Amino acid sequence: MTSLRAQVLLWAAQRASAAVLAICVLVHLVTIVYAVRNGLTAAEILARTSGSMGWALFYGVFVLAVAVHAPIGLRTVLAEVIGWRGRGLDVAMLAFGLLLAAWGGRAVYAVIA
Amino acid sequence: MKNDFRARNHAAYWAFVVHRVSGVALALFLPLHFWALAQALQGEARFDSFLRWTEQPLVKAGELALVFFLAAHMAGGVRLLIIELLPWRDWQKTLLTAATAFSVAAGLAFLLNLI
């Protein structure tokens with residue numbers, strides 16, 4: 001059983017990351033719709049992102065926010081749907097968050113560098 | 001009260017189902033999305049060959065579903081933030097309709113730009 005303090009922290013982190021993600025997702029949706037209008041090509045994607053500090057900062061914040069948000073949400077779903085609770089679940093979700101941050105950071109680096 | 005289907009068959013329950021299903025789908029898709037973008041590390045040609053693979057109709061259908069899920073999860077999430085964090089007002093009852101309209105509009109905008 002997670003302590004009350006930990007539950008409040010997770011709740012606050014989920015809402016704070018959600019507020020950041022709402023803005024990031026809105027920008028992402030507009031970018032997606034704009035980007036697919038002539039088909040996706042590597043040249044077009046990289047021309048937009050390569051060397052751009054603005055996009056690097058945006059996607060960096062996006063990745064960090066989702067690395068906080070997704071594991072907390074998944075943790076709730078796993079606990080409620082399959083009854084997985086306790087330390088094992090917490091460690092698994094922490095690992096998932098860290099992996100998302102690492103893989104996401106690598107993806108950002110791939111299109112910016 | 002028996003918690004049967006009739007008790008659950010209302011708009012707010014379906015909003016909960018959509019939020020949960022879209023959230024899990026997006027969480028599972030993210031590692032794949034990050035892997036795809038990392039193809040750029042192996043050069044523009046490798047990245048391009050992956051992007052050509054995504055032009056298959058079935059992959060595009062999956063992308064459409066993901067765009068809809070992304071819009072729905074965002075709009076549904078904003079609805080939850082408003083309900084949880086702002087004082088209750090009657091207009092908040094229309095948030096479900098607004099979130100649905102936003103999600104469908106995002107999906108249509110993606111589809112219309114694809115074709």
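Which residues does A:Ala13 touch, not counting residues up to four places away in sequence? A:Ala13 touches A:Val68 and A:Ile72, where contact means that the two C-beta atoms, placed from the backbone, lie within 7 Å. This is a predicted model, in which local features need pLDDT of at least 70 and side-chain atom pairs count only at pLDDT 80 or more, while totals for chains, interfaces and linings use all residues. Residues are numbered from 1 along each chain as its sequence is written, and chains are lettered from A in the order in which they are written.

- A:Ala13 lies in helix 1 of chain A, a helix being a DSSP run of H or I with at least four residues, numbered from the N terminus.
- With 15 other C-beta atoms within 10 Å, A:Ala13 is partly exposed, because that class falls between buried (20 or more) and exposed (12 or fewer).
- A:Val111, in helix 4 of chain A, counts as buried with 22 C-beta neighbours inside 10 Å.
- Leaving out residues up to four places away in sequence, A:Val111 touches A:Ile45, A:Leu46, A:Thr49, B:Leu37 and B:Ala40; A:Val111 and A:Ile45 are 66 residues apart in sequence and 7.8 Å apart in space, C-alpha to C-alpha.

- Apart from neighbours within four places in sequence, A:Val66 is in contact with A:Leu21, A:Leu100, A:Gly104 and B:Leu30.

Notes
Helices (H or I, at least four residues) and strands (E, at least two) are DSSP runs, numbered from the N terminus.
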